[in-house]
Amino acid sequence: MGVTVRELSFDYGGAEVLQGVTFDVPGGEFSIILGKNGSGKSTLLKLIAGILPYRQGHIFVDGYDLKRLSVSEKARLVGYLPQFHAPVFPFTVEDVVLTGRASFVFAVPGRRDREKAREAIERVGISHLLHRPYTELSGGERQLVMIARVLAQEPNVVLLDEPLSHLDLSNQVRLLSLIRQLVSSGLTVLAVLHEPNIAFLHGDAFVLLKDGKIRTLGRGERPWDSATLQDLYDVAVETLPFRDRALVVPI
Amino acid sequence: MGTILFYSIPVFLIVLSLFVGPSDVVRSADIVLWIQQKVGVISGEQSDATLMVDAIILNVRLPRVLLTFLVGSALTMSGSALQALFKNPLVSPDILGLSAGAAFGAALALAVHALPLQLTSFVFGLIAVGMSYFIARGKRSVSTVSLILAGIIVSGIFTAGLTFVQFVTDPFRLQTIVHWTMGNLHTASWEKVTSSVIPILFGAAWLLFMRWRMNVISLGDEEAKAVGLNPEKEKVMILVPATLIATASVAVAGIIAMVGLAVPHMIRMVTGPDNRKIQPAAFVAGGSFLLVIDTIARTVATFEIPIGLFTTLIGGPFFIVLLKKSRMLYREN
């Protein structure tokens, strides 16, 4: 179960963005990818989501070889929250979430699909936005709508590219507890996060990405050690012990 | 209730349009007599007057009214489907070069008698869209910007071709071509209705099937792929029927401007952006819109005004006012 990535390499037609990446994302846990801007985090998520095609390496999701799955089979297995999103037409929140059902729909979504969309909207806690035009929402509200869309899709693995960006503190806390809920109901969540403190407070497992390669941990080394973070982000940081992990302070 | 009312609009309009027209030979008293004979209220020999009514209503007005409705529906459905497909409210059948391609084909057929008009126009319309599509096609995907650019180039090529055909054609046939490019419905006949009804209804049914997928596609390629639709495949599945109905319409009625661009906007202002509502509404409202305009066009003057001029003159200002009033229903991006 979970996601298994083996010797995955990728380039956009120029320099390699990912070079022989190998790691495991344990099933039923909240895993977080950390790394600098441009280290290949978003590309990695897109590859696992099946958005980008890859030639070298292997990706297995819940034991299925991603290469052998059709677009709609992938969608039933993996849900993906893209980083930026701005549609042209002012669809209502309900209609946007309903598009998450595409891999189940023949021509037009039925009653069951509408129910699933409503459930997802309630679960994220945005029922009050149901009939609002998506284009008129704040960045944070849009983020929640797109997360509801991922949930309506009913995937086993949820990939989130910076899900906390644009969210205020209360929505951040709400989303993190929602992620915890999803994980305890058996889903696998893999997210790219920019804020190491949130990552270390809430994540179960960590994938460290540096210059398109996995930065492996040495013996006894932990992701929240200041030396590890200095190496990963190329800046000086100090850490304060907090609970059984650490808080990161940039200096 | 409102829905039933909306979908019964065409029936009323079609019946009404049958009894409106400039022909002096048709007097209202004869029409009444003719209806009474038709429904069997009175029996007896048909007079010359009722025979004339019979001919004008059944062989002149009925095919024209039906053709007008079909053309209006086709252009509007095609336009709104293309707008959803390209995530761009400024797109219309003209933008892909398909109108220009179809027009070139038709002009060629009018100049060279051996070529069948409908088929030639249809084939060149498809060729034009195919050209736009393949010029714009990158390694893996077709980007919106490059597709629109390609459409402009292809339009230019076929418009130049059309001009060349006009240049080398003798003056007598030239007049027919010029008239045809202005868009007109007064040459409507049962032959034109039967040649266009099948492609238009087939394409319309196909687009109706795709109507919800248009929503998914208009959110963006990555967003469509993430939920399990292959954007390239879905785009072709929308592009083909949208092209089919638009070229079928150009083949019988020439280029009728504004309908494919303006009417989808008017509909969207009422229904909102959900294509599940837009597509069926486009069939009804698009046909009704053109029918009303054509009925006016053939009634107000003693001579035939080309419908293309009328749709631009009426649709243009109407569209501008609506656009200003609606506070722009879509995002600037």
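Mentor: Domain bounds here come from an automatic or database domain assignment. On that basis chain A is divided into domain 1 (3-216) and domain 2 (222-251). Residues are numbered from 1 along each chain as its sequence is written, chains are lettered from A and ligands numbered from 1 in the order in which they are written. This is a predicted model, in which local features need pLDDT of at least 70, side-chain atom pairs count only at pLDDT 80 or more, and totals for chains, interfaces and linings use all residues, while side-chain values use heavy atoms, with hydrogens and water left out.

Trainee: How many residues of domain 1 of chain A are in contact with domain 2 of chain A?

Mentor: Taking contact as heavy atoms within 4.5 Å, 14 residues of domain 1 of chain A meet 13 residues of domain 2 of chain A. The area buried between these two domains, meaning the accessible area (1.4 Å probe) that two parts lose on being put together, summed over both, is about 1400 Å², and carbon and sulfur atoms give 60% of it. On the domain 1 side of chain A, the residues that lose the most area to domain 2 are A:Lys36, A:Phe200 and A:Lys210, together 40% of what that side buries.

Trainee: OK, on to the sheet. What is the strand order in chain A?

Mentor: With strands taken as DSSP runs (E, at least two residues), numbered from the N terminus, and two strands pairing if DSSP finds at least two bridges between them, chain A has an open sheet of six strands in the order β6-β7-β8-β3-β9-β10, with mixed pairing. Strands β6 and β10 (213-214) of chain A stand at the edges with a single partner strand each, so one side of each has no neighbour in the sheet.

Trainee: And how does β6(A) pair with β7(A)?

Mentor: Strand β6 (residues 78-81) and strand β7 (residues 157-161) of chain A pair in the parallel sense over four bridges, and A:Leu81 has A:Leu160 as its bridge partner in β7(A). β7(A) also pairs in the parallel sense with strand β8 (residues 188-192) of chain A, over five bridges, where A:Val158 stands opposite A:Val189.

Trainee: Are the faces of β6(A) buried or exposed?

Mentor: With buried meaning under 20% relative accessible area (1.4 Å probe, protein chains only), both faces are covered, as A:Val78 and A:Tyr80 on one side and A:Gly79 and A:Leu81 on the other are all buried.

Definitions and conventions
Buried < 20%, exposed > 50% of the residue type's maximum accessible area, 1.4 Å probe, protein only.
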